[in-house]
Amino acid sequence: PTSDIGLIGLAVMGQNLVLNMADHGFDVAVYNRTTSVMEDFIKEVEAEQPSASRVHGHAELADFVASIKCPRKIVLMVQSTAVASTDRDAVDKVTDQLEPLLQEGDLIIDGGNSNWNATIRREKEYAAKGIRFFGSGVSGGELGARFGPSLMPGGDPEAWESLKPIWEAIAAKVDRETGKPIERFDPSNPVTLEEGEPCTGYIGANGAGHYVKMVHNGIEYIDMQLICEAYFLMKQLIGMQPDEMSQVFARWNEGDLDSFLIEITTDILQQRDPTDPSRFFVDVVLDTAGQKGTGKWTSISALDMGIPANAMAEAVFARCLSAIKDERVAASEVLRGPAEAVDFGDQGEFIENIREALYCSKICAYAQGFQLMREAQNEFDWDLDFGQIAAMFRGGCIIRARFLQKITDAYAEDPKLANLLLNDYFNEAVNKGQAAWRKVVSLAVLNGVAVPAFASALAYFDSYRTATLPQNLLQAQRDYFGAHTYERVDRPRGEKFHVDWPEENRPQLTL
Ligand code: 6PG
């Protein structure tokens, strides 16, 4: 055997991970169900890639397996569709085919966006057969996979030790002092481990890596939605053109909001329509969002565990609402918004208010994501290191941002931090921005511009900081119609009471 690692599934993410590993000096065996895909890839690699001699194609699965050094490490980059832990999909199919060819101690790494429940099941099922099944989140899109993704591995800790050198080598790197991503898109001169801290690390047992990757995606959804709402306000209320907004985003990218998603928004907004350069590209893109499910899973998990990740769920619903385009078009003919426009005042000041609203909302969204992971670790018996997770998100992944250094610092200061909002930096940031945030949400509401993420993040903030919410009345209602009982403010928590609400004893209203 000559290869250090094998990879199955040569769609673009798989191909780019192979090249990334080869650039870092690893010999990689590759296999694809449709052999011609593998052959085309090898031809392309030979023609174009400096590390071509390290990529080895195999048409037969048995040859592929036999060519990998033991204990074997085989990465699967095949699309997973399983949602319930009992579902079986392409990942199980490939693993089942591999199983008779593997030896005790070999390691399978699922690098797809698999559901964590399926990963928990697989880890257990294959462990019983002597195979170590690992689930690793891979984030960063095509470019990330090629030059440095953020990698979130979960599974048997011993198995991690054998994967670690490769995962650390190919992961994105951040500067050890500043936490800033070190980016170099040069296959013959890849960023090395000596240059920076790798955006990977052992997350936890069985499905922990896939869970954290899913929450990353849930945060990705809300981050994107918040940017879209800022854009929408500038478009609808101020009437700005995309290239003008691009300049605003470019400016924002120099401060606290500095992030990959703001950066690509800056680029997108100045892009012209390829078929008609007199128009802006963004203006010809249909406003119906797609989604593959990870944002939805995040929200379902939040609902299952009773964690108030409302801004994240809003981001999913915003995509759903956008998707019912025909219905919206019809409704726009019938339903009217406010009769009069409410003035937003000085344009420059209002844009600055939008920036502050975006930052405050973003803080709440991340607070929700981390609360979700905190609950999940109890639910699934993981021991997550939130500082390390935030550190891993600093480079390579889609949500990479300057802001993640602040989260890393917050957890370094207090690893048991109950909510990001309670950290001094974030508390002050929201305090400073909240007047602007409230003004933006109010003006949006008064003018009939939907800002579901800004508004729900604000509702989260206001609810979270309120010692007494109106659910006293709700509990009374529940007790009234369903004898669901209630607790009292003047008695210890947990003691249940019930008022007998028979017809005759009902207090009479005196008007
Ligand atoms: C990443 C991304 C990636 C995901 C897309 C698609 O971290 O690189 O999260 O894994 O495929 O972002 O998500 P939707 O199609 O659901 O928008």
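Predicted model: local features only at pLDDT ≥ 70, side-chain atom pairs only at ≥ 80, totals over all residues.
Leaving aside residues up to four places away in sequence, H484 touches R478 and D479.

H484 is one of the positions that UniProt lists, in an unreviewed entry, under "binding site"; the others in that record are N113, S139, G140, G141, H216, N217, Y221, K292, R319 and R478. These positions are spread over 372 residues of sequence and are also spread in space, with up to 48.7 Å between C-alpha atoms. N113, also in the record, is placed in the loop that connects strand 5 (107-110) and helix 5 (116-127). Because N113 has 19 C-beta neighbours inside 10 Å, N113 counts as partly exposed. Beyond residues up to four places away in sequence, the contacts of N113 are S80, K213 and T294.

The domain assignment divides the protein into domain 1 (5-206), domain 2 (214-461) and domain 3 (471-505). The centres of domain 1 and domain 2, taken over C-alpha atoms, are separated by 31 Å. Contact between these two domains involves 24 residues of domain 1 and 18 residues of domain 2. On the side of domain 1 that touches domain 2, at least two residues each come from strand 6 (132-139), helix 6 (141-147), strand 7 (150-154) and strand 8 (173-174). By class, this side of domain 1 has 10 nonpolar residues, 13 polar residues and one charged residue.

Methods: Residues numbered from 1 in each chain as written. UniProt positions renumbered as here; feature names shortened; annotations may be inferred. Helix = DSSP H or I, 4+ residues; strand = E, 2+ residues; numbered from the N terminus. Buried ≥ 20, exposed ≤ 12 C-beta atoms within 10 Å, placed from the backbone. Contact = placed C-beta atoms within 7 Å. Domains from an automatic or database assignment. Nonpolar A, V, L, I, M, F, W, Y, C, P; charged D, E, K, R; others polar.
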